[in-house]
Amino acid sequence: MPHDPFRLDGQVALVTGATRGIGLAIARLFLERGALCLLTGRARTPALDALLAEAGSRAAFEPGDVTDRATPDRLVAAALSRFGRLDILVNNAGVAHNAEAHLYPDADLQRLLDTNLVSAFRLCRAALGPMLDQGAGVILNVGSISALVSNVPQPQSVYNATKAALHMLTQSLASDYAARGIRANALAPGYVRTDMTAGGIARPDWDRTWTALTPMARYGEPEEVATCALFLCAPASSYVTGSVLVVDGGYTSR
């Protein structure tokens, strides 16, 4: 193990959903710890542009909609073309939709399945080839506590189901590829201050419930999730695979 097991010097990471929130925080921390990063999302943001300017040649942005069938292969090819290898895949892109099951629109059902599960699988599939050629690699899927508990008060059965499937995909990949040098783990964040949770936080009834059910009585910050992502992708976790690391201020302990 290296002297500092939390360094990523020379490691190449592909991070989806990297233009804001948790994905942007992960990208920033990985760059600080020595990684080279290919970042992707639907559109650039000022925060992303600032990070790219600071990182210089150590980071690049490749726009893409992960639900497009061609995007996963294109993103992996872009990482290989730019940096020559791919060591870490972080599947962070995700969407949510709250609606009661008996009223759930088919369009939103398909959108959540395609974004939260199908695209993640396709990215894993695309990344596994070069990782197998190298004999090493790390996959990190950003799941949710919604894979473990049924959150209240919002009705979100489909979101919960897609994240539960993503956790099982992670554990299956860990079992299937451990002997070939590839680790796969998942993060299960609780309520974190991002654009995805902003609407719920702005609703007094949801805000009260979410904080009341969280023993730490506050929301997490993207940077607090990023440090956990660093652990799972760095040599520090070299004997960890098939795990789901819960980052929720104690929410699932109740």
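Guide: Let us start with the loop between strand E5 (137-142) and H5, which holds Pro 153. Please bear in mind that this is a predicted model.

Visitor: Which residues does the cis peptide bond join?

Guide: In general, most peptide bonds are trans. Here, a cis peptide bond joins Val 152 and Pro 153, with omega at about 5 degrees.

Visitor: Where is Ala 217 placed, and what is its phi?

Guide: As a general rule, most residues other than glycine have a negative phi. Ala 217 has a positive phi of about 55 degrees although it is not a glycine. Ala 217 lies in the loop between H7 and H8.

Visitor: I would now like to turn to helices. At what angle do the axes of H1 and H8 cross?

Guide: To read such a pair, one considers the distance between the axes, then the angle. The axes of helix H1 (residues 21-32) and helix H8 (residues 222-233) come within 8 Å, and they cross at roughly 55 degrees. H1 and H8 are therefore oblique to each other. The crossing in which H1 passes H8 is right-handed.

Visitor: Which residues of H1 and H8 meet?

Guide: On the side of H1, the residues are Gly 21, Ile 22, Ala 25, Ile 26, Arg 28, Leu 29 and Phe 30. In H8 they meet Pro 222, Glu 223, Val 225, Ala 226, Thr 227, Ala 229, Leu 230 and Cys 233. By class, the contact of H1 with H8 comprises eleven nonpolar, two polar and two charged residues.

Visitor: Are H1 and H2 parallel or antiparallel to each other?

Guide: H1 packs with helix H2 (residues 46-55) at an angle of about 10 degrees, and their axes are 11 Å apart. H1 and H2 are therefore roughly parallel to each other. Leu 24, Ala 27, Arg 28 and Leu 31 in H1 meet Ala 47, Leu 48, Leu 51 and Ala 55 in H2. This contact of H1 with H2 has seven nonpolar residues, no polar residues and one charged residue.

Visitor: How do H3 and H4 pack?

Guide: Helix H3 (residues 71-83) and H4 have axes 8 Å apart and pack at an angle of about 35 degrees. H3 passes H4 in a crossing that is right-handed. From H3, the residues Pro 72, Asp 73, Leu 75, Val 76 and Leu 80 meet Ser 119, Arg 122, Leu 123, Ala 126, Ala 127 and Pro 130 of H4. Eight nonpolar, one polar and two charged residues make up the contact of H3 with H4.

Visitor: How is empty space in a model found?

Guide: Rolling a probe the size of a water molecule over the atoms shows where empty space is left. In this structure, the largest pocket holds about 970 Å³ of space. It is lined by 43 residues, and the closest to its centre are Gly 94, Val 95, Ala 96, Thr 194 and Met 196.

Visitor: Which elements give two or more residues to the lining of the largest pocket?

Guide: They are H1, helix H5 (157-177), helix H6 (195-201) and helix H7 (204-212). H6 gives the most, with five residues. The lining of the largest pocket divides into 15 nonpolar, 23 polar and five charged residues.

Visitor: How many cavities of 30 Å³ or more does a search of the whole structure find?

Guide: The search finds one. The volume of the largest cavity is about 30 Å³. Its lining consists of Thr 16, Val 66, Asn 91, Ala 93, Thr 115, Ser 119, Ala 120 and Leu 123. Helix H4 (residues 106-134) gives the most to this lining, with four residues. By class, the lining of the largest cavity has four nonpolar, four polar and no charged residues.

Technical notes. Residues numbered from 1 in each chain as written. Predicted model: local features only at pLDDT ≥ 70, side-chain atom pairs only at ≥ 80, totals over all residues. Heavy atoms only, no water. Axes fitted to C-alpha atoms, helices over the stretch in contact; angles between N-to-C directions. Parallel < 35°, antiparallel > 145°, perpendicular 65-115°, else oblique. Left-handed = near helix turned anticlockwise from the far one by under 90°. Contact = heavy atoms within 4.5 Å. Nonpolar A, V, L, I, M, F, W, Y, C, P; charged D, E, K, R; others polar. 1 Å grid on protein atoms, 1.4 Å probe; cavity = no way out; pocket = protein on both sides within 12 Å on 5 of 7 lines; lining within 4 Å. Points joined across faces, edges and corners; volume = space filled by probe spheres on them.
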